[in-house]
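Reader: Could you take me through how the two chains meet, and tell me what stands behind each label you use?
Author: Gladly; here is the model to look at as we talk.

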Protein chains: 2
Amino acid sequence: MFRIPETHPRYKSLMKREKIVAGIEAGITSKQGLIAHGRGEAFDYLIGERTLPAAFRATEAAAALLLTAKKPVISVNGNVAALVPERVIALSELLNAPLEVNIFYWTEARVIKIKEHLEQHGATNVLGAKADARISGIEHARARVDYEGIYSADVVLAPLEDGDRCKALIAMGKKVVTIDLNPVSRTSKYATVSIVDDIERALKNLIFMIKEQKKNGKGKLLEDYDNKGNLRAVINEIAERLKDEELR
Amino acid sequence: MFRIPETHPRYKSLMKREKIVAGIEAGITSKQGLIAHGRGEAFDYLIGERTLPAAFRATEAAAALLLTAKKPVISVNGNVAALVPERVIALSELLNAPLEVNIFYWTEARVIKIKEHLEQHGATNVLGAKADARISGIEHARARVDYEGIYSADVVLAPLEDGDRCKALIAMGKKVVTIDLNPVSRTSKYATVSIVDDIERALKNLIFMIKEQKKNGKGKLLEDYDNKGNLRAVINEIAERLKDEELR
């Protein structure tokens, strides 16, 4: 990795970028994943590169949903594996939920590389290599999942997910938690609980909140969780920030 | 290129992405260019992936500025070369202005590759390989330009430009036209005329408007062009669109 001094004002953002670039070099991240990361950077800039109050609320709702799930599964793509391997593994252990490698630009070689990368970081239960079931309603290549994993899950945590696939999972009757910096993406709109936050910050908060909720008794169920209202709060925050932007 | 089904709701955007990825494979685009493209995608999404009225006005102002220039030069970086080679060449011929390869992550090999790529598309006047002058006020590696090109130009069309370099060109007394999807980027704030639009759409409009202005007598000069007001209009449009965004 390119060495970035910790004093650099954009240290955190640049380090994330380097991790993604290293992911490409390791065959984990796709080039399209690099572009997707750039999209995320733009939205993170617009929300001020910090967790908004609405994102904290969404993360709390997500924690409760995952804790009360019968069969939760954590979907992991190339960017997730490159950016936050330790955090998805910690979450997997905390929830006793398998990780499933699930990528948009599917090749068996890349699935295996991501699986091995997660195992090198300590993961013991990584699905996705079987790809013995299909999500209905989407084109063949992107529909592959494991029967024992996402296919039969009731709640799927699918960070940085594609809109079509999120919609298809919902259509199958699953509850989907997503982490996506774009509050107007199709993924954010379709998901049951959309956390509009950077994935590192969101997983850190999610792990903390799950531990808290475990300690204090499981979280309350979220029949009344208002995802639309939550997204609206994020959108309004971005709009206000934009209007306040100083121009020369 | 990876095959994207034409039925995918984001087909156009994904195809642009494929061009940039092909640019990396051809040694033209940098990995950082991929991330920058992603940031652009996010802002294009926010303006609705179409040319805003403010962008039309900016493009008209840019056409007049380029037509009345004594020595206009068109700066071309890796992303520009990968996305719109035909359009910058058409513009170069229309304005009788040279193209100059000018990249942020400078290596001679990449400059030569971009030059050859443009020549394969029919360009006959591509500068940038001499790099016999320096823009003052910025770090050595990123300051290289051709004396006969950008260094002695009065008006530079610099699409997808870096903020520091845009500022330095302005400090040298040049007028700079930029095309940048981020209305709050430093480039957009520093430029003389900032076209906040996708580069394909902006160049298509620019070519059309230059032809029109040539037919009807040269465009009026723009002593009173209000770049800040134009950017404010774009920002307000984005904020309004966000607030009107339909959520499920």
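Author: Let me start with a term: buried area is the accessible area, taken with a 1.4 Å probe, that two parts lose on being put together, summed over both. By that rule, about 4,300 Å² is buried between chain B and chain A, and carbon and sulfur atoms give 65% of it. This is a predicted model, in which local features need pLDDT of at least 70 and side-chain atom pairs count only at pLDDT 80 or more, while totals for chains, interfaces and linings use all residues. Residues are numbered from 1 along each chain as its sequence is written, chains are lettered from A in the order in which they are written, and side-chain values use heavy atoms, leaving out hydrogens and water.

Reader: What makes a residue part of the contact, and how many does each chain bring?
Author: Contact means heavy atoms within 4.5 Å. The contact takes 43 residues from chain A and 43 residues from chain B.

Reader: Why is the pair Glu41(B) and Arg39(A) called a salt bridge?
Author: A salt bridge needs a side-chain nitrogen of Lys or Arg within 4 Å of a carboxyl oxygen of Asp or Glu. For Glu41(B) and Arg39(A) the N to O distance is 2.7 Å, so the pair meets the rule. Helices here are DSSP runs of H or I with at least four residues, strands are runs of E with at least two, and both are numbered from the N terminus.

Reader: How many such bridges cross the interface of chain B and chain A?
Author: The rule finds eight salt bridges there. One of them pairs Glu41(A) with Arg39(B), with the closest N and O atoms 2.7 Å apart.

Reader: How do you know whether Lys16(B) is buried or exposed?
Author: Buried means under 20% relative accessible area, exposed over 50%, and partly exposed in between (1.4 Å probe, protein chains only). Lys16(B) has 15% relative accessibility, so Lys16(B) counts as buried. Asp198(B), at 5%, counts as buried too.

Reader: What links Lys16(B) to Asp198(B)?
Author: Their side chains meet in a salt bridge, at 3.2 Å from N to O. The two lie 182 residues apart: Lys16(B) is in helix 1 of chain B, and Asp198(B) is in the loop between strand 8 (193–195) and helix 9 (199–215) of chain B.
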